[in-house]
Amino acid sequence: MTSTGSGTASKPARPRSPHFPPHNAPRVWFITRGVSPIAIALAKQVLEHGDYVVAGVVPVEFEKSEDQVEDFKAFLEEVKSTERWRERLRVVGLDARVVGQCQAAVAEAVEAFGRIDVLLCAASEAVIGTVEELAQSSRTISLVDEIFEINFFANVNIIKAVLPVMRERKNGHMIVITGITGHLGTPGLSIYCSSQWAIEGYCDSLAYEIAPFNVKMSIVQASMEVNVLTNRITSVPPMPEYLSEENPAPLARDIFSGILDRLDSIENPRAEDATSPAYSTSTMSPDTAMADSTIGDLLNADTITSLYSPLPAALKSSLIAETVHALTAIGGHDNPPARHIVGSEGVTAVKEKLLTTSEELEDFIEVSHAVDIAKDYRSAEPSAFD
């Protein structure tokens, strides 16, 4: 609203919310990683809407004192105390890297609620390290396989398990959360980016195959911060050649080290010990867990380190709000978008990338024409080759 006569400037326009057709009928959601912040927030919203939720969790995670598991246990207590939610949630054991567990979880979901309307593939992990740093040892090399198992093959496994159920009903909607890193290469996140490019290529191709069965496919691209900061981060030992003093590339290691330190100062203003549960590390050398270290330092440790970001509750809620809104807006609707980029900043970044790609294609066409000699051969006089 513009002020008249006061001399004050107009307020900036608020970002537009996605406008998709309303869907009031109850839906059955199958969420592959129920302990993630996005999954928990989404489950609360759709349960309140009257939908049903099947949340897949890795049983072994409950044996660990990771903060995401604690958040999920708190959510379960909230479900128990909310009568209208209680009969609409089913938790199933699911490590989507195992085909048999995918099939069993899908069968349990169908037995409980009769169908699956929306499959949300929410599992993702980031590995921080340059290509060369990831080739330092057999353990770092194996991380490449592990990340692809989580970010690509786990999604493929659960999609293949759910597809027959949706195909037989001739109805369903598959949603895969990726990120703008599915468009943008990022120094220090090469394996993470490539795993997202892989699953997007798979989903783009699958969408054409399943369209005749009235099964839809949507890719939801969240910002890099959402995907990395709300999931587990694994960092490999840095090489001196890629430290900021030697290498001017804006590596993900430095960026996220700074972010983690700022987050930790908010969550633990008097944190003195890197062994606090907020760090949730799965591997940490004794030298790393020193009293004067910061959580950001863990990404520069001389051993492979895994951790969760120490996100304060309010910041976590704000960080994932747009993504959760997008998922509830498009999930299960008759005409969902094939690809949805969350947030204006992500849209701008992708548009700039596509513009650059378009310019590169023009250069490619010119170069291709320059070496296209087939036409000259066909039009040349025979005597020219005597």
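Predicted model: local features only at pLDDT ≥ 70, side-chain atom pairs only at ≥ 80, totals over all residues.
Colleague: How many residues of the contact of helix 5 with helix 6 are nonpolar?
Modeller: Sorting the contact of helix 5 with helix 6 by class gives 1 charged residue and 4 polar ones. The nonpolar residues in that contact number 14.

Colleague: Is helix 5 roughly parallel or roughly antiparallel to helix 6?
Modeller: The axes of helix 5 (residues 138-169) and helix 6 (residues 190-210) come within 8 Å and cross at roughly 15°. An angle under 35 degrees counts as roughly parallel. Therefore helix 5 is, relative to helix 6, roughly parallel.

Colleague: Is the crossing of helix 5 and helix 6 left-handed or right-handed?
Modeller: The angle in question is the crossing at roughly 15°. The hand of this crossing of helix 5 and helix 6 is right-handed.

Colleague: Which residues is valine 156 in contact with, leaving aside its neighbours within four places in sequence?
Modeller: Valine 156 sits in helix 5, and it counts as buried because its relative accessibility is 7%. Its C-alpha atom is separated by 9.4 Å from that of cysteine 121, which is 35 residues apart along the chain. With the neighbours within four places in sequence set aside, the contacts of valine 156 are Ile199 and Tyr202.

Colleague: What is the order of the strands in the open sheet?
Modeller: The sheet is open, has 7 strands and shows parallel pairing. Strand 3 (89-93) and strand 10 (339-341) each have a single partner strand, so they stand at the edges. Read across the sheet, the order is 3-2-1-4-6-7-10.

Colleague: How many residues of strand 6 are buried?
Modeller: Gly172, Met174, Val176 and Thr178 point one way from strand 6, and His173, Ile175, Ile177 and Gly179 point the other way. All of these are buried. For strand 6 (residues 172-179), the count of buried residues is 8 of 8.

Colleague: In strand 7, which residue is the bridge partner of methionine 174?
Modeller: Strand 4 (residues 118-121) and strand 6 run parallel and are joined by 4 bridges, with leucine 119 paired to methionine 174. Strand 6 also runs parallel to strand 7 (residues 215-222), through 8 bridges. In strand 7, methionine 174 has as its bridge partner methionine 217.

Colleague: Which residue in strand 10 stands opposite isoleucine 219?
Modeller: Strand 7 and strand 10 run parallel and are joined by 3 bridges. In strand 10, the residue opposite isoleucine 219 is arginine 339.

Colleague: What separates the C-alpha atoms of threonine 178 and valine 220?
Modeller: Threonine 178 lies in strand 6 and counts as buried because its relative accessibility is 1%. Beyond four places in sequence, threonine 178 touches residues including Gln196, Ile199, Glu200, Val220 and Asn227. Although threonine 178 and valine 220 are 42 residues apart along the chain, their C-alpha atoms are separated by 6.0 Å.

Colleague: At what angle does helix 4 run to strand 3?
Modeller: Helix 4 (residues 99-113) lies across strand 1, strand 2 and strand 3. Its direction relative to strand 3 is about 160°.

Colleague: Is threonine 130 buried or exposed?
Modeller: Threonine 130 lies in the loop between strand 5 (126-128) and helix 5. Not counting residues up to four places away in sequence, threonine 130 touches Gly188, Ser190, Tyr242 and Leu251. Because its relative accessibility is 7%, threonine 130 counts as buried.

Technical notes
Residues numbered from 1 in each chain as written. Heavy atoms only, no water. Axes fitted to C-alpha atoms, helices over the stretch in contact; angles between N-to-C directions. Helix = DSSP H or I, 4+ residues; strand = E, 2+ residues; numbered from the N terminus. Parallel < 35°, antiparallel > 145°, perpendicular 65-115°, else oblique. Left-handed = near helix turned anticlockwise from the far one by under 90°. Nonpolar A, V, L, I, M, F, W, Y, C, P; charged D, E, K, R; others polar. Buried < 20%, exposed > 50% of the residue type's maximum accessible area, 1.4 Å probe, protein only. Pairing = 2+ DSSP bridges. Contact = heavy atoms within 4.5 Å.
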